[in-house]
Amino acid sequence: MAEDVAGPDGNAPIAAEEIRAQLDRVLASDIFRSAPQLTAFLSYVVEQALAGRAGELKGYNIAVEAFGRSADFDPQSDPIVRVEAGRLRKALNLYFAADGVRDPVRIAIPVGAYVPCFTRPGFPEPEAAVLAAESAQPAPGAARSWRVWAYTAVALVLTAAIALVAWHWTGTGPEPGIAMSSGDTQAPRPAAAVAPDQPASPQPAEPVAAPASLPVIAVVIAGDIVDPAVDDAARLFMRHLVDTMARFDDLLVVKTPGTALRPEEGADYVLSLNTSRAGDKVEGFVRLSAAKDGRVVWTTSGARSLEAVSDGTELRELAQMVAIRLAQPFGILHADLRLATLPPGIACIYQALNVRRHMKADDHLAARNCLDTLVARDPDFHPAWSHLALLTADEYASGLNARPGSPLDRALAAAITAVRLAPASARAHQALMEAQFLRGMTEEALKSGREALTRNPFDPDIMADLGARYVQLDRAAEGLPLLQRAAALSNGRPSWYDVFLYFAAYLTGATKLADTQAALLKAEETPLALIARAVASAAGGDRVDLEAALRLLGQAEPLFALDARLYLARKGFSSSVSDRILAAIGQAGLRPQ
């Protein structure tokens with residue numbers, strides 16, 4: 001039987017029929033009609049509350065009964081309820097600040113719990129649900145204290161609601177000055193903070209940290225261009241540059257300010273293009289500078305004949321190359337940010353990238369802790385979920401900082417969350433490929449990898465990652481061209497690009513390329529590089545370097561010395577490729593295990 005709900009301070013009870021009528025109005029809105037997950041969530045918690053079962057509104061019950069998760073659902077490894085709760089709170093704020101501003105009843109999900117509260121317009125929404133089964137009345141002094149805090153809290157809530165409305169009405173489509181790529185790529189938006197499951201506290205909330213964000217690059221054409229042909233070439237170059245950079249949506253936000261704004265307004269970096277005509281040639285100068293102080297970070301220039309740029313093909317390729325050098329993982333922007341003191345959101349992402357470069361346990365732990373904190377505070381910040389999934393996959397494959405529970409389950413859950421939050425993000429699909437591959441979901445993993453490459457065909461890290469998976473599956477001929485292109489595009493690449501390029505060349509019989517890659521790995525001491533060095537040394541008859549590589553590998557990875565086949569399997573190598581690696585070492589007269 002449905003129960004009426006007491007209004008604020010126990011006055012003006014709100015009938016269950018009124019609450020259900022309000023629920024229908026909310027669910028019929030544009031905001032909720034296109035969000036079945038939010039509809040299921042809100043309907044479930046409201047009906048449970050009206051049925052007097054507010055105490056049962058826990059993450060597990062919501063996941064199983066509202067979202068259809070299986071009975072073995074683990075809230076610790078799958079954050080779906082926390083993530084969807086953050087989205088639901090945001091959607092309700094948007095609805096009641098716009099379409100539902102004059103509705104007779106308001107519904108909210110207070111932070112820190114999943115129990116809904118119901119209020120009349122003009123009353124503050126309590127921090128804890130009004131349906132809590134509390135019969136004791138607070139002392140007069142406590143009630144006054146609570147009211148003072150509640151009125152303070154509602155002022156903050158209204159301020160946040162106004163900000164959310166402004167974001168909603170200015171952010172539902174491409175703004176003037178915000179670059180959107182033709183590949184349906186979306187720049188990440190700041191998200192409201194959501195706390196994990198925890199008891200509601202009567203104490204005022206601590207100040208909320210600024211939402212996570214990524215570095216903003218403003219792309220501008222400098223100076224006035226009077227020559228129409230040069231102006232057309234400059235604008236075409238900019239369009240291709242912006243389209244390419246915007247696809248790296250887990251690393252940066254691209255902005256093209258309107259004419260009324262200064263280039264550095266709201267930006268961290270300014271990328272300026274200056275063009276001029278010299279005879280039958282168009283000269284271009286590109287400069288990346290820090291918006292705060294004008295410090296020049298990087299610059300390049302070039303000249304092309306007007307005829308060469310008129311058809312657009314050469315101009316497009318030039319713009320894409322500049323964008324890739326700037327925006328790629330381990331590129332120019334990454335190199336500059338490594339030396340800076342960064343806000344938490346940016347710092348976590350670039351910490352995670354550095355782990356993929358060096359694979360050091362201390363770096364891995366610091367980056368993972370940083371990302372764990374970030375997703376708890378900003379559960380809608382999709383870049384953090386993507387990179388957390390990749391680090392968690394490393395927890396399994398490389399044995400880095402193992403913690404209780406299945407890292408493969410946690411990696412898959414984080415990757416799925418990233419894809420759910422940002423279906424157009426190439427990095428999210430790359431993370432999903434990693435998690436699926438290590439779970440043995442081979443075809444699904446390759447499909448996710450190809451989807452990632454479709455979303456961003458300019459990212460060397462995705463190319464190398466997908467190419468490496470083909471190599472490990474003994475499909476080196478398919479992986480070789482991807483790895484070659486990745487290596488060509490990434491000057492600051494991690495050594496694992498060269499490791500898998502070596503294996504691709506070795507497995508396909510490309511001896512000259514294999515020798516070239518082996519030479520690049522002579523000084524590398526990451527575990528994968530040491531394996532490649534061992535194979536190359538065995539193939540070249542260099543017994544001294546073979547013994548040195550295996551000795552270092554045994555010290556760094558005791559599992560390899562104990563059971564080399566198991567070690568390679570955990571890394572994702574198929575049995576056929578493992579056989580060839582261990583046979584090469586064995587033929588040199590050393591026991592691989």
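Me: What should I know about the model?
Reply: It is predicted: local features need pLDDT of at least 70, side-chain atom pairs need 80 or more, and totals for chains, interfaces and linings use all residues. Residues are numbered from 1 along each chain as its sequence is written, and side-chain values use heavy atoms, without hydrogens and water.

Me: What is the mean pLDDT of the protein?
Reply: pLDDT is the predictor's confidence per residue, from 0 to 100. The mean is 81, and 80% of the residues reach 70 or more. Over residues 124–208 pLDDT stays under 50. For that stretch the model has 114 contacts (heavy atoms within 4.5 Å) beyond four places in sequence.

Me: At what angle do α11 and α12 pack?
Reply: Two packed helices are described by the angle between their axes and the distance between the axes. For α11 and α12 the angle is about 145°, with the axes 9 Å apart. (Axes are fitted to C-alpha atoms over the stretch in contact; angles run from 0 to 180 degrees between N-to-C directions.) On α11 the contact includes Pro344, Cys348, Ile349 and Val355; on α12 it includes His364, Cys370, Leu371 and Leu374. By class, 10 residues are nonpolar, 3 polar and 2 charged. (Nonpolar: Ala, Val, Leu, Ile, Met, Phe, Trp, Tyr, Cys, Pro; charged: Asp, Glu, Lys, Arg; polar: the others, Gly among them.)

Me: How do α15 and α17 cross?
Reply: The axes of α15 (residues 426–438) and α17 (residues 460–472) come within 10 Å and cross at roughly 20°. The two helices are therefore roughly parallel to each other (under 35 degrees; over 145 is roughly antiparallel, 65 to 115 roughly perpendicular, the rest oblique). Their crossing is left-handed. Among the contact residues are Arg427, Met433 and Phe437 of α15 and Asp461, Leu466 and Arg469 of α17. That contact has 5 nonpolar, 2 polar and 5 charged residues.

Me: Where is Phe330 found?
Reply: In the loop between α9 (313–327) and α10 (332–337). Phe330 has 4% relative accessibility, so it counts as buried (under 20%; exposed is over 50%, partly exposed in between, with a 1.4 Å probe and protein chains only).

Me: And what is the phi of Met359?
Reply: About 55°, positive although Met359 is not a glycine. Met359 lies in the loop between α11 (344–358) and α12 (361–377). At 25% relative accessibility, Met359 counts as partly exposed.

Note on methods. Helices (H or I, at least four residues) and strands (E, at least two) are DSSP runs, numbered from the N terminus. A crossing is left-handed if the near helix is turned anticlockwise from the far one by less than a right angle, and right-handed if clockwise.
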